[in-house]
Protein chains: 2
Amino acid sequence: MESWATFGSDFYLDLSGTGGLRSRLTRSLRDAIRSARLAPGTRLPSSRTLAVDLGVARNTVAAAYDELVAEGWLTARRGSGTRVAQRVTPPAPALRQATVAQSMLDLSVSTPDITLFPRTGWLRSARRALTVAPHDAFAPCDAQGRVELRVALAEYLARARGVRADPGRIVVVSGTAHALRLLNVLVPGPFAVESYGLGFHRDLLSATTPVPVDDHGVRVEYMPAVPAALLTPAHQFPLGGPLHPRRRADAVEWARATDAWVLEDDYDGEFRYDRDPVGALQGLDPERVVYLGTASKSLSPALRLGWMVVPDRLVDPVVALKGESEQYSSALDQLTLADFISSGEYDSHVRRMRSRYRQRRDQLVAASPVPVSGLAAGLHAVLELPAGREPAVVRAARAAGLGVSGLDHYRHPDAAPERHGLVVSFGAPAFPRALAPLCRVLAEHG
Amino acid sequence: MESWATFGSDFYLDLSGTGGLRSRLTRSLRDAIRSARLAPGTRLPSSRTLAVDLGVARNTVAAAYDELVAEGWLTARRGSGTRVAQRVTPPAPALRQATVAQSMLDLSVSTPDITLFPRTGWLRSARRALTVAPHDAFAPCDAQGRVELRVALAEYLARARGVRADPGRIVVVSGTAHALRLLNVLVPGPFAVESYGLGFHRDLLSATTPVPVDDHGVRVEYMPAVPAALLTPAHQFPLGGPLHPRRRADAVEWARATDAWVLEDDYDGEFRYDRDPVGALQGLDPERVVYLGTASKSLSPALRLGWMVVPDRLVDPVVALKGESEQYSSALDQLTLADFISSGEYDSHVRRMRSRYRQRRDQLVAASPVPVSGLAAGLHAVLELPAGREPAVVRAARAAGLGVSGLDHYRHPDAAPERHGLVVSFGAPAFPRALAPLCRVLAEHG
């Protein structure tokens, strides 16, 4: 039969076997170290603590420790206590390759410049938020999301994006992908999607049918009578145009006439560089448009925080579907973001980043040997290429160590190729170093 | 020093403070709008007029206006000038009812005492983690989870739970529910489950078939030849017994003989009160057992952090399935938890909580007028009742304002009732206040 005893907080020692208590304890500790259950560097409890836990004399534990120090299993240093010796280096973990090799200058993703994440401001908000949070912040969270965040978002979205939001219609999600997964369950397909867009998003939908896009966004007149459309009205992804005002009205009219939903992916609406901010389409008809926003472009995709503003009659179904089993967002991060928004830090950060991105955009335009489009907003632009040149340029760019994708990468598989170019993220941290080699590639192959 | 300038007829702008003139002007206007000193709809003077009033360059004023338009505080329309935006004060949020009414003393969930969440230690870890984090911590996260957390968990789980873990086999998830959703896709059903357990977990699996349980855990001899079994070996939920050592070996043998997986739900393995700590079943066969752990009991369910330790040949399928679209866990929280574990704070917190829960468990045993079982571990116990009494006691308890469930609530729908009693969370924050009324109900109706 085995006999065990607790060890410090969470370790168990097998004190079974023959011999006196001291030798059984010594053996058990030694076995634990040898088998790496006690890892090198692990700090052991004081002999007093362990003695109390085991219900034995402190001298017994101290003697076992002394013996293991003598044998080299443990080290004892004044001030740092008794630790497992650094004898065996554990094997290096088999770490996975990142999708883009480290040596690539990655311009392929429309990511913010994460080297400028506002660490200090975020920590300040975290401290304020956790200090004043009610106890229930640490209980299972409301499936709809923390009310503090929903209140802060409602104010912000109304002000900055023209969204008709109140906290009762906001649902916190883990990001746009999470929102689309939920909506795909609630809305039967197929979904009308822009003929150029994120394949990653299309793949989350049961079935999609492409609608052509031009410099003024999606061509609403070609939208079929389907139950829903996924659009990027503020800044078409990836072409970059804002949806033309007349088409905005037409899109809402389409939804009313066909009794359909518009899912508005407002992924980077904050980053607008020119005179005319484009509000959210949702403001035109909050009962037909589901607004999808995210902190992934404005702050960091590592936060995993997004939000939906849903029509009244979708609130209950969305919350019920998300329910207990899809509570993915940390309540502490939600509270931190709420403070970050309501303290004005979010505005300041967006303002700083906007000015930074605008500079970079201007650098790109100044340096590019080919025409650049999609420039009024966002973190990426399109470097236009003549028909037929795109594959060669993408290959040459990759050979030069630049992680880029062509427009074809974003094309719906059922849509004919209409536009040609490179989609380049000037928001990416690598942009400043990548600009010169990119322009060389374009000059040579574009 | 304050500097004032007239604005329209009777308005004043405070241009004191730090920063350049443009940012002071922007800030001052923003504050005036936020505080409603400048009402929605108010028309601002033209930038030329205000520039003359202030004695500054017109560009400075125009830039401030642009900024505030971009932030949504102002609107600029050709022909109607610049105005304060029509922000709607958000209505008081329509808050959803919590599932248990506020006035109930809730003992129904096996939740930790969230009033004791280690706010200070957590913030300390957050500060350390965010200060030293590499920039890529703010980029999209590895689908497997941050390596810092996986390294910390590997050491901890080996030491505290006897898990044979290395960071390359650990996958960070949002919690046990997320892990089960992933496994349900990879493993065809039906799943053998314990006849008493969490209905919430059963519902995540495509099909389940119940296996009887007794005081020594699941009766392995009744496990059918199915592709997988979901078990709670350390502390059967909700009955509370640890799986008998012989049955532990038999469960692994079952998996080998039927080429099946065991999913080990180790939800509260840290909280063991008696002499016999029970290590993870996974230690017996890491190629057959998928280990599922969570911070929900040890810290807080609001963190949404859990982990799987998966057999080698499941690592790639799990990571591929989770992939880009189910990256739910905040990288910042992952880094914070990694620091919290490796700095020893996690051990200290668990030790403090264990001692607190042990006291409460002893209070429950001392006060209960009916037999109490499932006491060796965890945050809940079973107050045993004679056959037939359970429904009346549950009703009486609820009438007395106590949120409790009977064992029948946890019974698999295809299993015959075998045990009767109340499942009571002594970890719940309400426990100290609920104990006396609970005992009165039991004395009267039990």
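**A colleague's note on the predicted model**

1. Leu435(A) is buried, its relative accessible area being 11%. Since this is a predicted model, please take that value, and the others below, as computed from predicted coordinates. The helix that holds Leu435(A) is α13 of chain A, covering residues 431-445. Why does Leu435(A) count as buried? Because its 11% falls under the 20% cut-off for relative accessible area.

2. What does Leu435(A) touch? Leaving out residues up to four places away in sequence, Leu435(A) touches Gln363(A), Leu364(A) and Ala367(A).

3. Now for chain A as a whole. You will find 13 helices and 19 strands in chain A. The C-alpha trace spans about 90 × 55 × 40 Å along its principal axes. The radius of gyration of chain A is 29 Å, whereas a compact globule of 446 residues would have one near 22 Å.

4. How much of chain A is buried? The share is 60% of its 446 residues. Contacts in chain A are also worth a glance: among those between residues at least 6 apart in sequence, 71% join residues at least 24 apart.

5. Helix α6 of chain A deserves a look. Nine of the 11 residues in this helix (residues 176-186) are buried, so α6 is largely enclosed by the rest of the structure. Which residues of α6(A) are buried? They are Thr176(A), Ala177(A), His178(A), Ala179(A), Leu180(A), Arg181(A), Leu182(A), Leu183(A) and Asn184(A). Do notice that His178(A) and Arg181(A) are among them.

6. A word on cysteines. Over all chains, the disulfide count comes to zero. Cys141(A) is buried at a relative accessible area of 12%, and Cys439(A) is buried with a relative accessibility of 12%.

7. Where is Val56(A)? This residue sits in the loop of chain A between α2 (47-54) and α3 (58-71). Not counting residues up to four places away in sequence, Val56(A) touches Leu21(A), Ala51(A) and Val61(A). In sequence, Val56(A) and Leu21(A) are 35 residues apart, while the C-alpha to C-alpha distance is 8.7 Å.

8. Chain B has two cis peptide bonds to check by eye, each ending in a proline. The bond from Gly189(B) to Pro190(B) is cis, with omega near -10°, and Pro190(B) belongs to the loop between α6 (176-186) and β7 (191-194) of chain B. The bond from Phe237(B) to Pro238(B) is cis too, with omega near 5°; Pro238(B) is placed in the loop between β11 (228-231) and α8 (245-258) of chain B.

9. Please look at residue 259 in both chains. In chain A, Asp259(A) has a phi near 55°, which is positive in a residue other than glycine; its loop runs between α8 (245-258) and β12 (261-265) of chain A. In chain B, Asp259(B) likewise has a positive phi of about 55° without being a glycine, and its loop is the one between α8 and β12 (261-265) of chain B.

10. Is Asp259(B) buried or exposed? Asp259(B) is exposed, because its relative accessible area of 52% is over the 50% cut-off. Setting aside neighbours within four places in sequence, Asp259(B) is in contact with Arg288(B) and Arg313(B). Between Asp259(B) and Val226(B), 33 residues apart along the chain, the C-alpha separation is 8.8 Å.

Terms used. Residues numbered from 1 in each chain as written. Chains lettered and ligands numbered in written order. Predicted model: local features only at pLDDT ≥ 70, side-chain atom pairs only at ≥ 80, totals over all residues. Heavy atoms only, no water. Helix = DSSP H or I, 4+ residues; strand = E, 2+ residues; numbered from the N terminus. Rg over C-alpha atoms; globule rule 2.2 N^0.38 Å. Buried < 20%, exposed > 50% of the residue type's maximum accessible area, 1.4 Å probe, protein only. Contact = heavy atoms within 4.5 Å. Disulfide = S-S within 2.5 Å.
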